[in-house]
Amino acid sequence: MFRKKFLALAGALAMLIPAQAMALQCVPYARQVSGVQIFGNANTWWAQAEGRYDRGSEPRVGAVMTFKATKGNPLGHVGMVSRIVSDREVLLDHANWSLISGRRGHIERNARVIDVSAAGDWSAVRVWYATIGDMGRTVYPLHGFIYNDKPADFPKADTVIVLR
């Protein structure tokens, strides 16, 4: 009985939350689709991954692309590489990027991302922006890619670590 009342109350409260507040953010979506178990704002993922996950500058399917924080994007951004198109182009699954139907928070699958760095090292990219139906004009700096295979020395999920 308590459970039914609780669920009814929770459902009623959810209806009071503005639709924008319930928009899907990039971090939980990237965590869900990539399996990379990092929490916190996207601009912290690169540093948090150090020693926990392999990182690099080469895109791989399943890797998390990590965007640096910028003035226009102060929390950074993360998405998962879904396909390698060429050495300078990938497709990305991500959330909360384009304005679609006047709001953010949508999932975009297979969004085009192009490496525009002078050295071809994936340090700067342009991203498909559904709002205009074309590649965005902004160049975004990247930290790199977090690979979803954990280094061999990282504790397995069933390992218990006791901190004192």
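The model is predicted, so local features need pLDDT of at least 70 and side-chain atom pairs count only at pLDDT 80 or more, while totals for chains, interfaces and linings use all residues. Residues are numbered from 1 along each chain as its sequence is written, and side-chain values use heavy atoms, with hydrogens and water left out.

The structure holds four aromatic pairs, where rings of Phe, Tyr and Trp (its six-membered ring) pair if their centres lie within 6.5 Å, and planes under 30 degrees apart count as stacked, over 60 as edge-to-face and the rest as tilted. One of them joins F67 and W97, whose ring centres are 5.5 Å apart with planes at 45 degrees, so this pair is tilted. It links distant parts of the chain, since F67 belongs to strand 2 (residues 64–67) and W97 to the loop between strand 4 and strand 5, 30 residues apart; strands are DSSP runs of E of at least two residues, numbered from the N terminus. F67 is buried at a relative accessible area of 0%, buried meaning under 20%, exposed over 50% and partly exposed in between, with a 1.4 Å probe and protein chains only. F67, W97 and Y140 form one aromatic cluster.

W122 and F145 form an edge-to-face pair, 5.9 Å centre to centre with 75 degrees between the planes. W122 is buried, with a relative accessible area of 5%, and its phi is near 60 degrees, a positive value in a residue other than glycine. S101 also has a positive phi, near 55 degrees, but S101 is exposed at 73%.

Methods
Helices (H or I, at least four residues) and strands (E, at least two) are DSSP runs, numbered from the N terminus.
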